[in-house]
Amino acid sequence: VAQAAAYFLNHGSPHFAAAGGACICCMTESKTPRKRALEAEAVDHWSFLNSTSKARKPSPIRELLPLVGIPGMISLGGGLPNAELFPFEAVSLTIKTPGGGVSSQVALSANDLHAALQYSQTNGIPELVDLLKQLQVAELGPPYEAWDLAITPGSQEALNLAFDMLLEPGDAILVDEPCYSGVLANLAPRGVSLLGVAGDADGMKPSELRVALGNAKLRPKILYTVPNGANPTGATLSLERRRELYDIACEYNLLVLEDDPYYYVSYGTEKAPEKREDFTRQILPSLMSLDVQQRVLRFDSLSKTLSAGIRLGYVSGPAPLIQRINLHMQASLLHTSGISQMLVFKLLQAWGMDVFRKHLNDVSYFYCKRRDVMAAAADKHLKGKCRWKAPSGGMFLWIEVLGAADTSELIKERARGAKVLMLPGVSFSPNGAASPYVRASFSTATDDEIDTALFRFASLLQ
C-alpha cells in the first residue's frame, strides 16, 4: 500500500490513462468539466434517505472491530471465533503477468491469512480499501474531500444496498431506456415507478430527461444510468451529455447512481490496432469527477477485469451515504468475503499500479478486438435485415430487427431452435413494452462461433 501511495503521490494528475492510454478529459481542455466555482455546497443527503435507512443505528459489536488491532488491546467484547480452529493453513497464488510474461508465485503470510479468514471491518479490509481509494483519486479525481468507499460482494449488491437505502414503495426513479435487466429485476418488486429515459449511441439524451421530469406525476429523486458501454445497448455517454446530465441533476435536485462496470472496458470507435502496444484505452470523466455538489454515488466492479466469480465491487461517493450503506451491511452481510478481498489485495500488491494499469489496457484491447469481430460478422450477414451501431465500450451489440414489432418469439423459440442464444429487447424495457431489438454478446464466443451464430440468426429473418 505504501508503495502504491508513493506512486500516486508522484503522479498527481486526477485523470490518467492506462498504460499508453489517453485521457479524453485531459486531451480536450476546452470541453473538460473542471471544478466549478459556483454551486459547490453539498446537498442534504439525509433528505434522500428512506425511513428504514434513517432508523439504522451502528452495531455495537461491529464498532469494536477497528479497535481490536490497537497494540496492547485485550478484546473480551466481540464474538470472534478462535482462529486456531480454522483448518486452512496456507494459501499461495500463481499470478499471470500481463502481456504473457513469466508467472509469479505469491503466498499469503500468516497475518494475511488470519485477516482473510476472520471477521473483518464492514467496509472492507483496510489495506484494500486504501488501495481502491487511491485508484479512484488517480482515475476519477473526486472534486471534494468528504467522500468514502465501501467494498461489497459485487457492484450489483452495492446497487441493491443503495436502492434499499433510498427508495420507498410509491417512489419514482429515472432509468435508462432500455435498462440493465438486473436492475429492473431488483426494482420491479419494490413498488416504485420506473421512468424510462430514451437515449442513443451517445447515451441518455438530456432533452429526453427533461421531458421525463416534466411529465412525471410524482417527482423522482433518483437518476440511475450506465455511462460507459451500457448493458444492453453498448452506448457510451458523450462528454457533453455527462455535463448536461449533471447540470440537470443539480437543477432538479436528483441523486445520481452512476453504475459503471464497463469503465475499464471502454475502447472508443476506432478499430483495434494490430499490435496491443499501439492501443490506448478510452477514458471519459466519471460523473463523480464532476460532482461538486456531492450528489453522485458511483458503483465499480472487478468482475470484468479480474474475476466475475470472486464477487468484488465497490461503491464510492459522499461519506454520509457510504456510512448508511455500511450500517445496512452491519445488519445483514457483515462484510464482503475476506478471502476474495485478500486475493485481490495480494494481486495488486504483487503487480503494482503500473502493471495493473497495463492489465486494464489489455482487457480493453481484448474487447475492442471482439467488438470488431462482431461488427464484421453483422456487416456480412445482417445488412438489409437489421440495423445496429458498433459500440465504443462494453460487451454487447444492440441489434434492431427491421420490420419487427417484437423479438420475443424470434429469440426465445426460433433462435434457440437454431442453437443461437440471444436476449430479446423486451427483457430490458423498464415497463415491459414490446421491442424490435436483440442483444448479442461478443465476450466469450470465438470468431468462428460469432460468424456462425449471426449466419444462423440471419437465416431466420428471410
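Trainee: Is the crossing of α9 past α10 left-handed or right-handed?
Mentor: Start with what the labels mean: helices (H or I, at least four residues) and strands (E, at least two) are DSSP runs, numbered from the N terminus. A crossing is left-handed if the near helix is turned anticlockwise from the far one by less than a right angle, and right-handed if clockwise. By that rule, the crossing in which α9 passes α10 is right-handed.

Trainee: Before we go further, what kind of model is this?
Mentor: Residues are numbered from 1 along each chain as its sequence is written, and side-chain values use heavy atoms, with hydrogens and water left out. Local features need pLDDT of at least 70, side-chain atom pairs count only at pLDDT 80 or more, and totals for chains, interfaces and linings use all residues, in what is a predicted model.

Trainee: Then how is α9 oriented relative to α10, roughly parallel or roughly antiparallel?
Mentor: Axes are lines fitted to C-alpha atoms, for helices over the stretch in contact, and angles run from 0 to 180 degrees between N-to-C directions. Those of α9 (residues 206-215) and α10 (residues 239-251) come within 9 Å and cross at roughly 20 degrees. Angles under 35 degrees count as roughly parallel, over 145 as roughly antiparallel, 65 to 115 as roughly perpendicular and the rest as oblique. The crossing angle therefore makes α9 and α10 roughly parallel.

Trainee: How many nonpolar residues are in the contact of α9 with α10?
Mentor: With contact meaning heavy atoms within 4.5 Å, P206, L209, R210 and L213 of α9 meet R241, E244, L245, I248 and E251 of α10. Ala, Val, Leu, Ile, Met, Phe, Trp, Tyr, Cys and Pro count as nonpolar, Asp, Glu, Lys and Arg as charged, and the others, Gly among them, as polar. The contact then has four charged residues, no polar ones, and a nonpolar count of five.

Trainee: Nice. In the salt bridge of D447 with R370, how far apart are the closest N and O atoms?
Mentor: A salt bridge is a side-chain nitrogen of Lys or Arg within 4 Å of a carboxyl oxygen of Asp or Glu, and the rule gives 18 of them here. For D447 and R370, the closest N and O atoms are separated by 2.6 Å.

Trainee: Which elements do the buried residues of α13 pack against?
Mentor: In α13 (residues 408-417), the buried residues are S408, L410, I411 and A415. Their packing partners are β14, β15 (423-424), β16 (437-441) and α14.

Trainee: Now the backbone: what is omega at the cis peptide bond between N231 and P232?
Mentor: Most residues other than glycine have a negative phi, and most peptide bonds are trans. P232 is in the loop between β8 (222-225) and α10. At the cis bond between N231 and P232, omega is about 20 degrees.

Trainee: What is the phi of Q294?
Mentor: Q294 lies in the loop between β10 (282-283) and β11 (296-301). Its relative accessible area is 12%, so it counts as buried. Although Q294 is a residue other than glycine, its phi is positive, near 60 degrees.

Trainee: Last one: leaving aside neighbours within four places in sequence, which residues does H45 contact?
Mentor: H45 is in the loop between α2 (24-27) and α3 (51-55). With a relative accessible area of 8%, H45 is buried. Leaving aside those neighbours, its contacts are Q294, P318, P320 and L321.

Notes:
Buried means under 20% relative accessible area, exposed over 50%, partly exposed in between (1.4 Å probe, protein chains only).
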